Structure formats: structure tokens, C-alpha cells
Amino acid sequence: MSQLKTIQDEHMTIWLPRLLPHGGPRFLQIADALQAAVADGSLTPGDRLPPQRHLAAQLDVDLTTITRAYDEARRRNLLEGRGARGTYVAAPKVELTAILDLSMNTPPPPDGVAFDDMLKQGLSQVLMRADNELLMTYHLGGGSDSDRQAGAKWLAPMFGHLDSRQVVVCPGAQAAIAALILALTEPGDVILAEPTSYPGLRAAATQFGRHVIAVEADKHGMLPEMLEQACSQHKPRLAYLNPTLQNPTAITMPERRRKELASIAQRCNVRIVEDDPYWLLADAPPPPVATFAPEQVVYISTLSKCLTPGLRVAFVLIRDPYERERFLVALRSFALMVAPLTAALATQWILDGSADGLLAGVRKEARLRHRMARDILAGRYSGAGDGLHVWLELPAYWNSSQLAHAAASYGIAVTPAEAFATGSVSVNAIRISLGSIKDRGRLQAGLQRLSHLLARRPESFSAAVV
């Protein structure tokens, strides 16, 4: 289709498309002509188009046809309205393809939960019931009485009734881990962990001059006999465990193993930091390690992995009052307090039941996403069907760093095994996070793209890229 364009006058570009008798709906012919004129340079960004009535009269069509044509052209990002000044050819829209992020462990947004309304209502209740000045000032670390009571309620599914004075409120699990390292160890001390473990532990330990040493694990988690041997050899002050839907392997340690590790920790007088962010997402998880050695284990539960990352609130159960005070002193050295407004919102949601509703929605959505991953990654998926991530062991022709790099070229972010290694890399795998992509359809596309990549050999991928 051709179109005619004359020179610009001082007001607008004189542009008339040529309509064909049998060229289809006229509004689409006009929109197509606009698109062709922009493509060939006949129309350029900033050109002002004729008013709709003027163009309708020139083409001898009704005004509705022109209105529909302009609307269709706007939908194609060809035109932009500038109010009373008229309609102009739009500047080219830069299409930025967002990376499909399968690397960050965050809770998926659940269907059936009006999160925006929940947030507005929760904040409204906080502002209505709280002293606004107290929400905007300094607080002593550890949380208010109400915050601690909310923490005790949050931990009740794991421990039953708790004395809220034993609960400390922290600005996230990472802050809690760092404060525990400062409070319970000295520079040069050893911290024991599984061969693949949460990277934040290693980051904090390295920053503070502590050494993380790997203890061999099997399909049920850290091996008791290897823990005992490491305690004898290294005289550690702390052992770190993430026993439920472990990050990154997604292993849930069985109850018997938990009891054995707790017994060894008591016998060897080593404190266990039990970082348990996914317990409430798991399907019938065993009791926490802390139930088998209450005085030996410090327990951490964060809201960021179960509800939403914006709630930088974690609850830490420390039974010993002397250790609790040391922990608070360490925490104040770098994180004076939880933001009072955030803590108040978390407390409001827990006490009024909103947190339970959001948690149920996250659990349901996570299970749906695991089923999707199982179907798409058939033959490779080895997840438990719950939690936020899948640990995917790779075919021998890929290594994890190579695969992560290739996936990035495909617009997919995944996390290679190296990111979790506490020593030498012992497994060839990647972690796939299922919650960070909001739209389920985009998650499906990312998983399908990853599945296709896994089926190819690196040399064929390299050839295709070249």
C-alpha cells in the first residue's frame, strides 16, 4: 500500500493514505499505512498528524473509522497524543526484554490473595492504632513486647507455646546470622556447614575473619559421624544447618538425623544455628533440631521467604538469657533495630491472621509451580514438590558455570553450584528458583527455554551463538 505525504506546513504534516476498495477494514488500512510510512521514513517521530475530523473529511470516511485507526496505531506504539496540541508520530519504543530470573529465592505472588488491599489495610490498622511518633523514632533492639508476642505466635507451629521473652526480632535472617557469628565466635574460629550451603553464611564469616569448613553430607543432610569428627578436629564454636528444604539442595532432613546431630552438638558443646526459612512452606516437616536440644540450638525463622521479601523481619529463638544479651549487643553494632513501621506491619498481619492467609496462598502457588517444573523438566526434576526452589543436577556434558553462562545468553538467570560451595565444588548442579517471576506464563516460558538448552550440548550452543 502506498501513501502520499506533502511538505510540512507550520502546523502539521499533510499525510493521506491511499485506501483500496477491497483492502480490508478501512481503519486497519489506515493503521497499516501509518506503520509503513514510519518504517520507510515518510513519517518521522515528532510529525504532527491531521486532526481526526480533517482526515475523515479528506478520505471521505466517518469519524469512527479514523478514531479506530488512531487507536490501533497507538496500540502499535506508532502514535502519541499530546492533549490539545494534537496527535504525533511517537519515538521508537525501545523493547527491553526482561531477563527471566530463576536465580532469586522469593515467595511467588499467590492467586486469590489481594495483596495490595492487604497491604493498605494492614498499614491503615497500624497507623490507626499505633503512636505515629513511635513508628518514626529509634527503638531498643529486639522488638517491642507486641512484636515478640507476634514472633512467639509465628513460631508456635514449630514449638508450641513459647515465652515471648526468648524471641528476638531482627531485620532479616542475614542480620541474625551475622550477629550470631559476632556474638558466639572469635576471629579465626571455625564454623561448620554442609558442602553446599547458604552463601550469606560464607559472606558474613569471611567478613568477620571466621573460617567455614564443609562437613560431608548425604541425601539426608549432614552426616552425624562426620560432624563428630569435625568437632574433634577443628574445635568449632558453631555449626550451621538449614534442615528443611535446604538451600540449595531442597533436602529436608529426617527427624532421626536431626536428633543425632542435636545429640552430637550437646556432647561436643558446639552451638547450632538452625536457619529454617522454609519450614512453614514444607509438607509435614519434622520438628526443628532446636526441639531436641533447646539450649544448644539458636533458631531463625524469617518472613521474607514465606510472605514477601519487603518484610525484613526475622524471629530468633534464643533460650539462654546471657547469649540473648550478647546477641543483641552484636546486632546493635551494625543494625540498630528493625524498621518500626515494618515490624508493626508484620505484627499486625500475624496477630490479625492476614499472615496465615498470605502464607497459605504462597504455599498453594509454590506447589502449582513445582508441578509445572516437574512437567517441563521431566526426567531431570528431583524436587520435593514444595518450597521455593529446585536443585537440578546437570548432564555430564554441561558444568554448572558453563550452563549458567549459556542460560544468561538465552535471557535466563540461574544460580550455579559454585555459588553455594563451602569448599571445593562437589556436585554439578544449578538451583532454579520458582517464585521470582511473577507471571506463571513467563515462568513456564523460562523453564521451557531452560529445558531446551539442557537438551543441547555446549558445542552446539556455541556454534549456534557464533
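Reader: Does Thr196 count as buried or exposed?
Author: The relative accessibility of Thr196 is 11%. The cut-offs, taken with a 1.4 Å probe on protein chains only, are under 20% for buried, over 50% for exposed and partly exposed in between. Thr196 therefore counts as buried.

Reader: At which pLDDT do side-chain atom pairs count?
Author: Residues are numbered from 1 along each chain as its sequence is written, and side-chain values use heavy atoms, leaving out hydrogens and water. The model is predicted: totals for chains, interfaces and linings use all residues, local features need pLDDT of at least 70, and side-chain atom pairs count only at pLDDT 80 or more.

Reader: Which residues is Thr196 in contact with, leaving aside neighbours within four places in sequence?
Author: Thr196 sits in the loop between strand S7 (190-193) and helix H7 (199-207); these are DSSP runs numbered from the N terminus, with at least four residues for helices (H or I) and at least two for strands (E). Contact means heavy atoms within 4.5 Å. Beyond its sequence neighbours, Thr196 contacts Gln246, Asn247, Pro248, Thr249, Phe420, Thr422 and Val427.

Reader: What is the handedness of the β-α-β unit made by S7, H7 and S8?
Author: S7 and strand S8 (residues 211-214) run parallel, joined by 4 bridges, and DSSP must find at least two for strands to pair. Val190 stands opposite His211 in S8. A crossover is right-handed if, with the strands pointing away from the viewer, the path from the first strand over the helix to the second runs clockwise; the unit of S7, H7 and S8 is right-handed.

Reader: How many residues of H6 are buried?
Author: Helix H6 (residues 173-184) reaches 16 Å from first to last C-alpha, close to the expected 16 Å, where the expected span is 1.5 Å times one less than the number of residues. The buried residues include Ile177, Leu180 and Ile181. H6 is largely enclosed by the rest of the structure, because of its 12 residues the buried ones number 10.
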